[in-house]
Amino acid sequence: MASVYVEELGRHIGTEVLIQGWLYNKRSSGRVRFVLVRDGTGIVQGVVTPDADPRTFELAEALPQEASLRMWGTVRAEPRAPGGVEVAVRRLEPVHIPSTPFPIGLKEHGPGFLMDHRHLWIRMRRQVPLLRIRDAVLWAIRAFFRERGFVATEAPVLVGTAVEGTTTLFPLDYFGAPAYLSQSGQLYLEATCMALGKVYWIGPVFRAEKSKTRRHLTEFWMAEAEQAFLDHEGNLALQEALVRYVVEAVVAERARELGELERDPEALREEVAGPFPRVTYHEAVEVVRKAGVLMEVGDDFGAPAEDALSAHFGRPVFVERFPAAIKPFYMKRDPAHPDLALCADLIAPEGYGEIIGGSQRVDTEEELLAQLREARLPEEPYRWYLDLRRWGSVPHAGFGLGVERTVQWIAGIPHIREAIPFPRTLERLYP
Ligand code: 4AD
Ligand code: MG
């Protein structure tokens, strides 16, 4: 008999199926035993009565949490059960019976304990729907770019140069020469976009962030896009369309999972329904200060400032035209205000912080040389990047969306560490 996944059971009402999975939980009520079986697509309740064969009836009592098993039985409608179905069990067959108790019970554990058992914790309620939401976010990003004719490309992870400042580089020894783990694929996407017109990639990037916050990982995934002949305005329109597309796709595909996380899909849809407000850096500083958060013009937005913006707008908001002095060397200056960069950050609602950073890029060799010098970066390792301004340079722009921050916002979870299967932070390299 071919096996069926829990998420498909609704299509098999009245027939006998085989389900392969793990024992999530069990209980008894009178002479009836209930087994909750999970298989990655969902959890289903199996009902075992004394009419089942004696071995099955005994296993329903004896199998420990996370025993792997096969379960044969007839699917029937049960409006009170999650998914609207349950299984009248005919037979249980263990695949592997653990000899020691599963370390994670169904009760509360501290975050340190759970993180030490991340390899097992990911099997639990909340974690499974979260990882399924992450999957939907990644697919939606790919679908969006594919529909718009962007070409998927790649950037190297081993690099010789900084992109986002020199303070968060992870250095490594590359056969005796200095090298780093990439902070962003952007510079390489600028090269591939001159070959392919419009490109994107979704890849791992690395930041030696010394901060312990709910929003920072040292290894995270970035979805980056770069387009030739795109200007600052077009860049914002593209980002807005992407974010709306991703939220709508996840709400449509993962409504059940959002429900399991007590996230209201309609509220999410509402947040992205209208045009995203846009404010300049200077206007944003005013909003932040009026909300009582201390900051000076020229400071970057800290978490409290981002939260104030978030609370003020209640939807994703673009903060445009930062002082060039606090932004990286590659951003094009606003011709009307050369002290400002043609850039924007997109701040998520509900205090989830910055989810996108992007800009129009410097497109002349002269300006790029000057800005490298201002940033005190050496010219030599950027020779290839300067070349892009030497042959057929065009206006171009792009951005990077933080995948885990986006998952965190959409799923509505307090800490970024649950938005990736195996988080890497200042204090964590295990498991
Ligand atoms: O704003 P960032 O630093 O922009 C860049 O790296 C550009 N080179 C991207 C580009 O234009 N192609 O990072 C982009 C996004 C941020 O908005 C944030 O969502 C996320 O990446 N991010 C982090 N996510 C988790 N942990 C961290 N330490 C992050 N740092 C940035
Ligand atoms: Mg940024």
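1. How much space lies in the largest cavity? About 30 Å³. A search of the whole structure finds one cavity of 30 Å³ or more. A cavity here is a set of points on a 1 Å grid over the protein atoms alone where a 1.4 Å probe fits but cannot get out. Its volume is the space filled by probe spheres set on the points, which are joined across faces, edges and corners.

2. This is a predicted model, with local features needing pLDDT of at least 70 and side-chain atom pairs pLDDT 80 or more, while totals for chains, interfaces and linings use all residues. Residues are numbered from 1 along each chain as its sequence is written, chains are lettered from A and ligands numbered from 1 in written order, and side-chain values use heavy atoms, without hydrogens and water.

3. Leu 242, Val 243, Val 246, Leu 401 and Thr 406 line the largest cavity; lining residues have an atom within 4 Å of a point. Helix H6 (residues 232-253) gives the largest share, three residues. Helices are DSSP runs of H or I, at least four residues, and strands are runs of E, at least two, numbered from the N terminus.

4. Ligand 1 is surrounded by 22 residues, each with a heavy atom within 4 Å. The closest are Glu 164, Gln 186, Arg 207, Glu 224 and Glu 354.

5. Polar contacts are pairs of N or O atoms within 3.5 Å. An oxygen atom of ligand 1 lies 2.6 Å from a polar side-chain atom of Glu 354. For Arg 361, the distance from a polar side-chain atom to a ligand 1 oxygen is 2.9 Å. The protein covers 94% of the 640 Å² of accessible area that ligand 1 has on its own (Shrake-Rupley method, 1.4 Å probe).

Definitions and conventions:
1 Å grid on protein atoms, 1.4 Å probe; cavity = no way out; pocket = protein on both sides within 12 Å on 5 of 7 lines; lining within 4 Å. Polar contact = N/O pair within 3.5 Å; in protein donor to acceptor, adjacent residues only side chain to side chain.
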